[in-house]
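Please keep the sequence and the structure in view while reading.

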Amino acid sequence: MTLGPILILGARSDIARAIARRFAALGHPIQLAARGVADLDADKTDLELRFGVPVSLHDFDVLDVAAHEPFVSGLPDLPQIAVCAIALMGDQSQSIADPTKAIPVIRSTFEGPASILAVLANRFEARGSGTLVGISSVAGVRGRASNYVYGAAKAGFSAFLSGLRNRLAGTGVQVVTVLPGYVATRATQGLDLPAALTARPDEVAVAILRAIRKGQDVVYVRPVWRLIMAVIRLLPEPVFKRTRL
Amino acid sequence: MILSGWGRFPRHDARLFTPRGDVALRDLVLSKDSLIARGAGLAYGDSAINPAATVDMRQFDRMLAFDPQQGQLVAEAGVTLGDVIATFLPRGWFPKVTPGTKCVTLGGAIAADVHGKNHHITGSFRSCVDWIDVMLPDGEITRCDRSHDPDLFDHTLGGMGLTGVILRAAIRLMPVESGWIQQETITCADLATTFAVFADRADADYSVAWVDCLSRGTATGRSVVLLGQHARRGDLPASLAARPFDTPQRRRRSVRFDLPSWTLNRASVGLFNALYFRRGQQSAGISLVDWDRFFYPLDALEGWNRIYGRNGLVQFQCVLPPEQAMSGLTTLLAAIAQSGEAPFLSVLKRMGGQQGALSFPMDGYTLAMDFAARAGTLALLDRLDRIVQDHGGRFYLAKDARMSPAVLAATDARAAAFCAWRDARGMRGKFRSAQSERLNL
């Protein structure tokens, strides 16, 4: 793994902050992208102080797809690695009551991320190198009643990443799909999650490091989720539709 | 969620909130009737627990600025001393004052006004704090120091989080030439010898005595004294001098599950003490030790509190004035010997004078001991409280898990004034912990 810049899209999230720290510790220049990115000035200073790497801040709106091409052109350097940590969990019960509330979840979690990764994919392919990392979710493995709007968006995102990986195989561009199970973040703060299944944001960051180093395609965090999802996938539909997971 | 301190005693079911940013914190402070901030949760008792609202400050973990001329670091309260060392030791800086674990947050270090093995020379954590940003009950943030709102500064250092939520602080690091410590080991056959060594070697930057609290008769209070100085580059052998801040990475072991509660008893602790004392005799003299091993020997064993079993442990830490220390310690050791209880890891340190509205240290000697949390040991601790009281000593709130308000009032006249001050500033309703409720602080 060379020490080229890493672009972190959605830099405000807990997982993104953990990724920034891990890669900065290795010496990668960091490009932090988020809405209202000026707020992240303290994070920039923190990374520079701790690790002595150059850090740049970039305003980025995942929903403004027309601006994605100019956004990439405007980066100081085309990054070596790009991680998309953008998603919107939304409120499933609200989306049921008012279907229009589901739209922003789908756009922020699938459409927007797919758009920016598509732009980056073209640039990386033209260059002949690079790594694209999409943080999807086990929720996308199979739609279930408690979060299918978010799950559907993640399912679409996972398929998009898989398609990119297929297209870019052999071109020198690596595409990694990260499938976290439960992670202890702001998004899951109020929920009562089983401790053994719940990862710290830093575990996701470490898994990404390992995936890039070893050339892995699909990684689960924590690894036990690979087993859990294998079982979930195998349940016949007549059985699955009656579960309350 | 069930929260406790490092001693895992007592435990409370508490609502835990993890704000990210000043705005979210302000919302919490304004919307909750009462709350207490929590850092790494390494106080032994219930200082950082409020069942209604405990505020986890560890997302405030950014370093904000460093001035290499003065060695001043500005950082958010959730930054740990371990982070500070990892970042700045390679550049030749080390914390001026450090407690026995590097996992404490800066906010916690300030709230407890922690001390280390150099209190008689450098003082408590207070001596390295330039200013503190505190969020008050109305959600407003005040930057206090020795000249601006000095009362708030005075009461926040050692104030156990009861004056407000600590957000940021500026602390001074001290320059060091290497990551190594010149350690001298001296074994002392009894308590009198231990005191003599402390008096004789007051020149040492760092000093601590591990005391065998189970030995009786003429060997009462036998100890292994460790003295330390930061090694200069010239003190290092050529192999280390080339990279003076490169120290070996210790493999961290962990205690993954609770041991049975009878693991630490008179026999096992007695055996450990005998072996430790013998090892002290064998390694008497001067050696070079890395900073992690000298300052944080217990950090190498993750979850060592599990050795005490599911019911946890209770720490007893008092400080006695110099003229009463010999008599007080002798009486304490006699009471312990008589009880049949077995304190583990007993540590004695010299202390110097101290400022502050509620900070623990005072000129004299401090003894800290761990006991398994059992009915027998709790009863013993009540008797030990009395002995400390009779000898003019007082207790460390960061270690306390079971003291009564009567004992606090009898041993620390400042407590009532601290409480009244909090009242006057409108803090008493808003900032409360299970400990402050128990102690009427």
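## The surroundings of B:V208

If the neighbours within four places in sequence are left aside, B:V208 is in contact with B:K117, B:F198, B:V224, B:V225, B:L226, B:V347, B:L348 and B:K349. The model in which these contacts are found is a predicted one. B:V208 belongs to strand 13 of chain B, which covers residues 206–211. One of its contact partners is B:V224, and although B:V208 and B:V224 stand 16 residues apart along the chain, their C-alpha atoms are separated by 8.5 Å. The relative accessible area of B:V208 is 8%, and because the limit for a buried residue is under 20%, B:V208 counts as buried.

## Aromatic rings

Over all chains, the count of aromatic pairs comes to 21.

| Residue | Relative accessible area | Class |
|---|---|---|
| B:W6 | 18% | buried |
| B:W304 | 8% | buried |
| B:V208 | 8% | buried |

## Where chain A meets chain B

How many residues does the contact take from chain A and from chain B? Chain A gives twelve residues and chain B gives 15 residues. The area buried between the two chains is about 1,100 Å², and carbon and sulfur atoms give 40% of this area. On the side of chain A, the residues that lose the most area to chain B are A:R17, A:L49 and A:R50, which together make up 50% of what that side buries.

Across this interface there are five salt bridges and nine residue pairs in polar contact, with both residues of each pair at pLDDT 80 or more. Helix 1 (14–26) and helix 2 (41–51) of chain A each supply at least two residues of the side that touches chain B, and helix 2 gives the most, with six residues. The residues of this side of chain A divide into two nonpolar, three polar and seven charged. A salt bridge joins A:D43 to B:R62, with the closest N and O atoms 3.0 Å apart.

Note on methods
Residues numbered from 1 in each chain as written. Chains lettered and ligands numbered in written order. Predicted model: local features only at pLDDT ≥ 70, side-chain atom pairs only at ≥ 80, totals over all residues. Heavy atoms only, no water. Contact = heavy atoms within 4.5 Å. Buried area = accessible area lost by both parts, 1.4 Å probe. Salt bridge = Lys/Arg side-chain N within 4 Å of Asp/Glu carboxyl O. Polar contact = N/O pair within 3.5 Å; in protein donor to acceptor, adjacent residues only side chain to side chain. Helix = DSSP H or I, 4+ residues; strand = E, 2+ residues; numbered from the N terminus. Nonpolar A, V, L, I, M, F, W, Y, C, P; charged D, E, K, R; others polar. Phe/Tyr/Trp six-rings, centres within 6.5 Å; stacked < 30°, edge-to-face > 60°. Buried < 20%, exposed > 50% of the residue type's maximum accessible area, 1.4 Å probe, protein only.
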